[in-house]
Amino acid sequence: MTSINNQAENKKDIKLLVLDIDGTIAGHDNQVSDTVQQAIKAVQAKGIQVAIATGRMYCSALRFHQDIQSNLPLVAYQGAWIQDPNSGKLHRHLTVTKEIAYQLLDYFEQPQWRSLLSVHFYINDQLYVREITTDTADYSQRCGVIPLPVGDLRQVLTDNIPTKVLALCNKVDLIRKMMGDLRLQYTPAELYMTTSVATFLEVANPFVNKGTAVRYLAEEMLGIESSQVMTIGDNFNDVEMLEYAGIGVAMGSAPEPVKAIATWVTASVEHDGVAIAIEKFLL
């Protein structure tokens, strides 16, 4: 863990702040609190750029990007999709291969757990599902997206390739088992796998993670170094960007392994942990 005193002394060097959405700036009410919005505005007034990096769909994350009035591209799908809402320019779009998408579908639709899982295919920023389960309905309500039920998901793979594949299940042990199985089956060079919450198993292109996406914003777009970046997140899908940044802050609700790699641990989203971290390091 990095010295907090040294990091606090270097607060003036931070030029980019990157924030996760769920569990970080948005809590149970699915909104960014006034306290957090004011803290972000204060940071921007100092000339520090602020960006969003999320596992959400681009269309689902857009309102948060607008809430914080970011001038940078929006990082969606764990970094598989990076697009500038202001210009419409798509900077990055990395997909799962069609072959692996078919293999994943075969795996997820095994008889012993087919009825327990909701499988989501994200194609061209739209959500395709076999059927609208209770889990899918809850997910779509929170994310503000309309799922498209198509029956056999294989038919949408005929002419399309997914940006991301997601398996939802309220049985956390099953998600853990599947993650273990798939990590034995595929190397990190073949697939990126993570969990943004304990009930989501997310799969993407092997070059995808929030760390590489934040690196793109910092080094390619802004011409700054990792030491000039601060990131804040709450789960395993945030690990790479917490490790990349000069200051990586974990939320109070983060799993212990995520807290362990962070520079500092702040309060939970319900207690405006982002505002507390901003005040400590940037204001």
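The largest cavity in this predicted model is lined by L117, S118, V119, V129, R130, E131, T133 and T136, where a cavity is a set of points on a 1 Å grid over the protein atoms alone at which a 1.4 Å probe fits but cannot get out, and a lining residue has an atom within 4 Å of a point. This lining divides into three nonpolar, three polar and two charged residues, with Asp, Glu, Lys and Arg counted as charged, Ala, Val, Leu, Ile, Met, Phe, Trp, Tyr, Cys and Pro as nonpolar, and the others, Gly among them, as polar. Its volume is about 40 Å³, a volume being the space filled by probe spheres set on the points, which are joined across faces, edges and corners.

Residues are numbered from 1 along each chain as its sequence is written. Local features need pLDDT of at least 70 and side-chain atom pairs count only at pLDDT 80 or more, while totals for chains, interfaces and linings use all residues, and side-chain values use heavy atoms, with hydrogens and water left out.

The chain is assigned domain 1 (16-93 + 208-282) and domain 2 (98-204), with bounds that come from an automatic or database domain assignment. Their contact, meaning heavy atoms within 4.5 Å, takes 22 residues from domain 1 and 17 residues from domain 2. Between the two domains about 1700 Å² is buried, this being the accessible area (1.4 Å probe) that two parts lose on being put together, summed over both.

One salt bridge is counted between domain 1 and domain 2, the term meaning a side-chain nitrogen of Lys or Arg within 4 Å of a carboxyl oxygen of Asp or Glu.

Notes. 1 Å grid on protein atoms, 1.4 Å probe; cavity = no way out; pocket = protein on both sides within 12 Å on 5 of 7 lines; lining within 4 Å.
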